[in-house]
Amino acid sequence: MPQSVDLSVKSSTPPARQNPGAACEECRRRKVRCDRQQPSCGLCLSSGVQCQVTTPRPPRGPKRGYLKALQARIATLEGTLLQQQQQQQQQNHNNTNTITISPEDTTIDGITFTDHPPLTWDFPITTDDDTTLHDLCQGTAPGTASGGSSLDGGSVHASTSPIQGFETPTDGVTFSDLVLGRKMSELSDGLDGINISNLMQADLDQLYFDRVHSFAPVLHQRRYFTWARSIAKTEAQSCLRYAMWTLAASVSAHYQNIGDSLYRYTRRALENLESKSMGLAMTEMEQVQAWLLLAIHEFMCVDFSRGWVSAGRAFRLIQLNWLQYSDGTDVNLTQTDWVDAEQKRRTFWLAYCLDRFVSVRNNSPMTFSEQSTIRLPAPEIDFQNEQPTLTGFLSEAIAARDAIVTSTFTECIVVATVIGRALSHRQQSVMDNIYLNESRDFWDRHEWINAILIQRMDVFSLNYPTAMQEADPMVLFISMMWRTTVLYMYQLLKSVIHSTEEKRSMLADYTRQSTIAAKEIVNLTNKLSQLNSFKVHPLTPIPLSLCAEFFVSYHELSDTYSKQLQEITEAMHGLMSFSNLGPGLGAYSR
């Protein structure tokens with residue numbers, strides 16, 4: 001009788017392909033499979049050789065940092081070739097009077113825009129964290145070629161983007177992207193023979209978001225890179241991109257040698273766009289943003305007067321298109337393009353802050369009123385992540401007494417509003433003196449503004465401790481402006497106190513406040529030398545110049561004011577190495 005067969009399936013673990021452990025050196029040399037027997041494998045036993053096994057083995061592939069070192073060397077070599085090409089193109093340019101450009105050309109006045117293949121690796125941008133204000137003082141003035149480069153050497157530090165969770169695209173930018181497919185023969189001088197490669201374009205973009213975006217947060221990073229890679233860019237978008245590159249070059253030692261050429265090209269492009277926009281009912285937001293960024297660059301590197309005029313152009317364009325920037329009382333958070341509306345809000349508030357900070361320095365009337373129907377900007381994270389957020393109005397933020405943490409941009413708007421009120425208070429007092437009005441209104445306004453000032457300074461100190469104020473350039477600038485407002489109010493009080501003897505008893509309290517504020521400004525000024533020089537807020541010379549003016553006018557209040565004035569003066573002199581705003585403000589001392 002046949003035996004029964006057990007058809008049940010038995011679960012069993014399949015045998016391992018090889019024994020555990022490392023292969024011996026002899027098997028590795030012969031490139032055969034080792035059976036990993038101990039103390040000697042079969043091959044070594046049959047061959048009569050000693051079986052040796054090396055447990056720790058070096059990792060495969062290139063050494064750590066090797067690729068970054070190669071990238072740095074490529075960038076350095078590219079910069080050297082760029083300078084040589086610039087000199088050669090400049091010589092050719094001197095022998096050429098006019099060059100006409102057609103859309104089919106691949107050069108702009110002898111400037112070649114190479115259409116390289118898209119980059120397949122992210123280039124790490126150095127943040128120059130070791131560069132201090134003192135180190136920069138030994139360098140060159142703005143707008144001149146710098147002897148050093150942040151990319152020299154074999155070590156490159158990884159860039160830290162201020163917007164976490166986003167990667168910077170490094171796709172190539174074609175010639176069509178740059179010339180917009182339009183005839184631009186009127187821009188006959190071009191970029192003075194400078195070749196802007198894909199690597200440089202990606203580098204300048206990243207520099208902008210690393211060093212400029214923190215104090216001018218008007219752009220949505222993902223959307224910018226989306227339209228920047230598009231062939232169908234508008235002329236205003238092209239101008240904005242060149243303005244970004246111009247400002248990025250001004251805060252980088254590596255690209256300062258091309259900053260002047262970028263600036264001249266950007267300004268001609270904006271003026272050309274303005275001539276084409278005559279009679280149009282609506283102005284593109286990117287055109288306003290480009291003028292604002294160009295104005296900031298001119299404040300830093302060109303001339304105060306030219307920067308103020310360029311800023312005025314942006315102000316007027318906003319006023320011409322006021323309905324685009326205004327919000328209603330009811331905002332639908334599900335609107336089709338909340339990000340676009342938020343960018344317009346941020347563009348207005350950047351112009352608003354620039355208007356007040358510069359006006360308080362030269363004592364000129366302000367352009368924008370704080371009584372507007374434009375909501376405050378949303379938190380940066382919500383903005384970049386495209387999360388619709390309903391924010392309040394400026395009047396609500398100033399009246400709030402709770403220590404609610406707000407963004408640094410909102411804090412900047414609040415301090416600009418308070419110091420703007422102080423400026424209006426000063427201008428109104430001048431008119432009262434001319435028309436011999438009753439001084440009671442002056443004291444009511446003064447005490448009202450001072451109460452708001454002290455209350456908002458307390459809230460600011462709770463939200464941003466001293467350590468944070470000293471480490472963040474944007475927060476440090478806001479902190480300096482708060483204390484500068486205290487000095488500004490004291491100076492205004494001193495100018496009228498002689499005519500009201502019964503109010504002299506109030507002067508002691510204001511004197512104490514101003515003395516403390518002046519000392520704190522000096523302490524904050526000393527922290528400037530410990531910050532990355534290229535990340536210092538571009539308007540920092542404004543509070544420094546107002547503080548220096550206070551020390552000069554009221555040196556009798558303290559014996560230490562002479563020494564503190566010297567420290568402020570040295571800081572302003574240090575800022576002159578990369579910003580011309582300080583000397584430009586000298587003409588507006590009161």
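A: Arg-345 and Glu-342 are both buried, where buried means under 20% relative accessible area, exposed over 50%, and partly exposed in between (1.4 Å probe, protein chains only). Their side chains form a salt bridge with an N to O distance of 2.8 Å; the term stands for a side-chain nitrogen of Lys or Arg within 4 Å of a carboxyl oxygen of Asp or Glu. The two residues sit three residues apart in helix α13 (residues 338–362), so about one helical turn separates Arg-345 from Glu-342. Helices (H or I, at least four residues) are DSSP runs, numbered from the N terminus.

The model is predicted: local features need pLDDT of at least 70, side-chain atom pairs count only at pLDDT 80 or more, and totals for chains, interfaces and linings use all residues. Residues are numbered from 1 along each chain as its sequence is written, and side-chain values use heavy atoms, with hydrogens and water left out.

Helix α13 also holds Arg-346, whose side chain meets that of Glu-380 in a salt bridge (2.9 Å, N to O). Glu-380 lies in helix α14 (residues 380–384), and the pair links distant parts of the chain, 34 residues apart. Arg-346 is buried, with a relative accessible area of 1%, whereas Glu-380 is partly exposed at 24%. Through shared partners, salt bridges join Asp-327, Glu-342, Arg-345, Arg-346 and Glu-380 into one network.

The count of salt bridges comes to 23. Another of them pairs Arg-267 with Glu-298, with the closest N and O atoms 2.6 Å apart. Arg-267 belongs to helix α9 (residues 256–276) and Glu-298 to helix α10 (residues 285–301), so this pair ties together parts that are 31 residues apart in sequence. Arg-267 and Glu-298 are buried.

As for the nonpolar packing, the largest nonpolar core has 131 residues, and among those with the most contacts inside it are Trp-349, Tyr-352, Phe-357 and Trp-482. Such a core is a set of buried Ala, Val, Leu, Ile, Met, Phe, Trp, Tyr and Cys residues joined through side-chain atoms within 4.5 Å. Helix α19 (residues 473–496) gives the most to this core, with 16 residues. Leaving aside residues up to four places away in sequence, Trp-482 touches Glu-411, Val-414, Val-415, Val-418, Leu-453, Arg-456, Met-457 and Phe-460, a contact being heavy atoms within 4.5 Å. A second, separate core has seven residues, including Cys-24, Cys-27, Cys-34 and Cys-44.
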